[in-house]
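Please find below a note on the model under review. It is arranged as numbered points for a reader who has the coordinates open.

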Amino acid sequence: MSKTSPEVTPDTHLQEPAAPVVEDSIGKGQQSAMLNRLLGKGSYESFDMRCMVTGQFSVGKSTLVKLLAGEIIPDGRHPTDGISLVEGRCGLDILTKEWILVDPDSYNALDVVYHKVLMTSLEEEEESELTNKASDTSPTGYAKATLSSLPSEQSAAAQSLPSTKSSNVPHTVKQMEKKMRTRMTKEEIRKKMEKVLKSGKYKMKVGRLIFWDFVGQYVYLTTHQTFMTFRALFLVVFDGSKDLHEQVPDVMCFPGQHMTPTPAVFLQYWVNSILTYCKVVYAGIPKILFVATHKDKVPTENIETRREELYRGIEELFKDHEGKHHLVLRPLIFVNAKDQADPEIEVLKKTITELTFDHPCWGERMPNACVPLELEIAELVAEGKQIMSLAEVKELNAISEVSVLSPEQLTDFLHYQHSLGKIVYFDTPQLRDNVIISPLLMVEVMRSFITDVVFWPKEDKTRKTFKKMSENGMIQKEDLYQIWEQEEFCQILPFKEYIFDMLIHLDIISEQRRYDTNTGSRLPVENFFVPCMLTKRNDTRFMTYECTPEKAITLAFVFKGTIIPPALPNRLISACLRFVGLSFDKAHTIVVCVEGNKILLYIVHKTSNGLIVPDIATGIKECMFTTLERISEFYQSTVHVSSISQKLPFHIEYACSRLECHIPEEAAFTTDEWICDKHKIVHTKDKWNIWNQDQTKEQCEVDCPGLHDGALNQIPSDIELQRFASACDENTIRELAIHLGMTFKAWEELQRNNPDYIQIVKYRILVNWREKFSGRFINIAKALTEMKLTTHMLCQVKRIRKGKCDISEEYLDLIPTDEILDELAQVIGVVSFQLGIELGLSITSLDTIQYNNGRNLVAQCKDILFQWREDQRVKPTIGVLVQALVNIERGASCLGEIIKTVGEEIHSTREKGEGGKG
């Protein structure tokens, strides 16, 4: 390697050809049905590349980006808040591969529209027509407009496209652009674009480089997963003046990582994060280029020695990494990011250029059908618009006279543009009514409340909100809205409910559902959890004193790689707080923590792990697995990937009796006996049954110990008494009531008051007993023993019932409409009272409903459902309704059929958000 000009050719000995792993949908392999529909009107080659600059904080990422984009580098350190985007400042000539810089003083976001129109291979006569066009009135009757009438506030001096290196951009093109911008109306531009598209000669001549500068501080790391994509080139920047294993001072390491924070740890983190968040469509894509900075801090005579030391260190660090074919290790670029004259800056540019031109997404076929709508949206973004309603997008699509997308094509367009990172659109019932047309808005949303302490507001009340988040991770919705009232975030405020729902969807924030452990009653939802803002370390001794072999059982979700990106456990924590149906007593505690590449799940019993209820352990394991599977699939989901499921990035391992050694799940069930390595303890495969109960069984397992002392000493909740009463016949409950101290007269009185509702009689006699005697489960257990009946009947009260549900998961967190509740009321019948109890209505409320509606069961059920939906304590979702129907043994199939019939007209959660339902 030359000391002055290291080789530019990217290292290939660790790389593989960029062949599609999953067939790409545009011109490479078998095209998807979606792109087929869009490509029906022809296609063009698109040249856009995102260059995502990552790395540890304070290593010069922002300085390097400014230098590459030709910006002035300010003196001193200026930390980045969130993500900084540099767009429209530089590009690559498609033919010569020249690096083109655009003067930042003259850049206008609307330039992208004109570039789209002019970067075409027009015939000479078409060029002549364009330059000579100067009629006072357009063919459609629109009056001629000057530049001032276009959606641009630039001065006349900025009407050209000056560039630092622009010799390869024909002068005639720039002249044409100037004339077009001053003499053509928007309508004429649109018609010209349509004409070019129809001619099949639309061709870009300059490709765009868009730099994403990712901040390196811990609190921001969870937000990065929202923006990373395989359609990018990644730079991982580090301080080359420091040893790879030198401790980084004053820094918090990642969750579960007990090693000393060093540059090597951060390099591993960023590589693992990039490969976790970017789905695999092409082998070896995305490429990850390492860039060392601070060369000026190394004596000149030691630079080459230092370079080789760094290269060998990185190669050793990743020699066994399964993603090493993504890494570009040669040339190892070592720059002084403050010196434009550093010859290695040109080496870096040429390396970026070569990797960009080698990227399979550079020059991929894009559908012509999308361009008119893209241009309309680009104009709106240039005008400052950031969010559109779906209805507005449909209206915008209808403007074009020759390229109007059909409803199906428009849906495809939105999905595809989302996959390209040009818009943000989630096709879920809660979010599909709006489209974020400027993804930069999401950057602003994230940094508005996920930010480092140096960027906290000075104002006292808002600063207290940030301080509270750093201590316990909690924020109230009103406090978040107050943050958005600040001038720099006021553009978020008009869409606050929609944005809030999106943050919930992304698991950036999570509703904190809480229950009274004595009565089982739901408590009002007040707080929301923001796990990535919780920077205070756990200084308790809980793990030491409670997560012990005597009290706990544990399993591990083991991930590939050495470091788990913080976004994964943070999203898991958020999702865990939303678990529905996991009701268990206060004797059990769930602990989730990260250790190395494992997410450990502990279930702790306050007395002994022998008293852990197997159904609880099984239910929690299943919820955790499903949640991690969903989170993993979120990063892999795209319009490009076929329905064939990809291998999950984790597997389950069970812990030995001492909670230290682990055996993979597959081996655990195929090995009769396992002796753990460290303790030499023999374990049979029955050991793992506690995690794998058959939840469809109505009876307890043979070895079930029954309810333990902690559960027996609890006062039964309304719901638990309802479940118990429903499981027993009339004679059993009547005899049990007598054993519990109630009189036969009390039973008869209830029967007279409810002559046609024996289920209510059974339930009310138990409620009256509880209120009169402060009854507990242990009293019921003793009475059952006296009656020579099994006490395992009480176990069923605590069981997590599983029922088949064909309702799509995207609907489960939504609020049912009036029509759905009206239809459901028609089919519930005599179990409406039990349903009301399961949904959390008070006995007083149910008595009032019954009194007001007499024997009209449909009217009773309707009042119950509508009153539940107005509940101020918890969000009344379809998921909650499904679980209640399963618990009363009615099943959720009736609700599923109603939703299919009614369609997608379901209340979004944001419509209830202002009412305090969260």
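1. Overall composition. The model is predicted, and the remarks here should be read accordingly. The protein chain contains 34 helices and 21 strands. Of its 918 residues, 55% count as buried. Among contacts between residues at least 6 apart in sequence, 77% join residues at least 24 apart.

2. A five-stranded sheet. An open sheet is formed by five strands in the order β16-β17-β15-β18-β19, with antiparallel pairing. The edges are taken by β16 (588–595) and β19 (662–664); each has a single partner strand, so one side of each is left without a neighbour in the sheet. From one strand to the next, the twist averages 25°.

3. Strand β15 and its partners. Within this sheet, β15 (residues 552–559) pairs with β17 (residues 598–605) in the antiparallel sense over seven bridges. In that pairing, T554 stands opposite Y602 of β17. The antiparallel pairing of β15 with β18 runs over five bridges, and here F557 stands opposite I652 of β18.

4. Burial of β15. Eight of the eight residues of β15 are buried, so the strand is largely enclosed by the rest of the structure. In a regular strand the side chains alternate between the two faces of the sheet. Both faces of β15 are covered: A552, T554, A556 and V558 are buried on one side, and I553, L555, F557 and F559 are buried on the other.

5. Strand β18 (residues 650–655) pairs with β19 in the antiparallel sense over three bridges. E653 stands opposite P664, a residue of β19.

6. Helix α7. Which length does this helix of 15 residues reach from its first C-alpha to its last? Helix α7 (residues 263–277) reaches 21 Å, close to the 21 Å expected at 1.5 Å a residue. As 13 of the 15 residues of α7 are buried, the helix is largely enclosed by the rest of the structure.

7. The α15–α16 pair. Two packed helices are described by the angle between their axes and the distance between the axes. For α15 (residues 477–484) and α16 (residues 496–505), the axes come within 12 Å and cross at roughly 120°. The two helices are therefore oblique to each other, and α15 passes α16 in a right-handed crossing. On the α15 side, the contact is made by K477, L480, Y481 and W484. On the α16 side, the contributors are K496, E497, I499, F500 and L503. An α-helix has 3.6 residues a turn, so residues three or four places apart point the same way.

8. Arginine 50. R50 is found in strand β2 (residues 48–55). Is R50 buried or exposed? Its relative accessible area is 10%, which lies under the 20% cut-off, and R50 is therefore buried. The C-alpha atoms of R50 and L233 are separated by 6.3 Å, although the two residues are 183 residues apart along the chain. Leaving aside residues up to four places away in sequence, R50 touches I210, W212, T229, R231, A232, L233, L420 and G421.

Definitions and conventions. Residues numbered from 1 in each chain as written. Predicted model: local features only at pLDDT ≥ 70, side-chain atom pairs only at ≥ 80, totals over all residues. Heavy atoms only, no water. Pairing = 2+ DSSP bridges. Helix = DSSP H or I, 4+ residues; strand = E, 2+ residues; numbered from the N terminus. Axes fitted to C-alpha atoms, helices over the stretch in contact; angles between N-to-C directions. Expected span 1.5 Å × (residues − 1). Buried < 20%, exposed > 50% of the residue type's maximum accessible area, 1.4 Å probe, protein only. Parallel < 35°, antiparallel > 145°, perpendicular 65-115°, else oblique. Left-handed = near helix turned anticlockwise from the far one by under 90°. Contact = heavy atoms within 4.5 Å.
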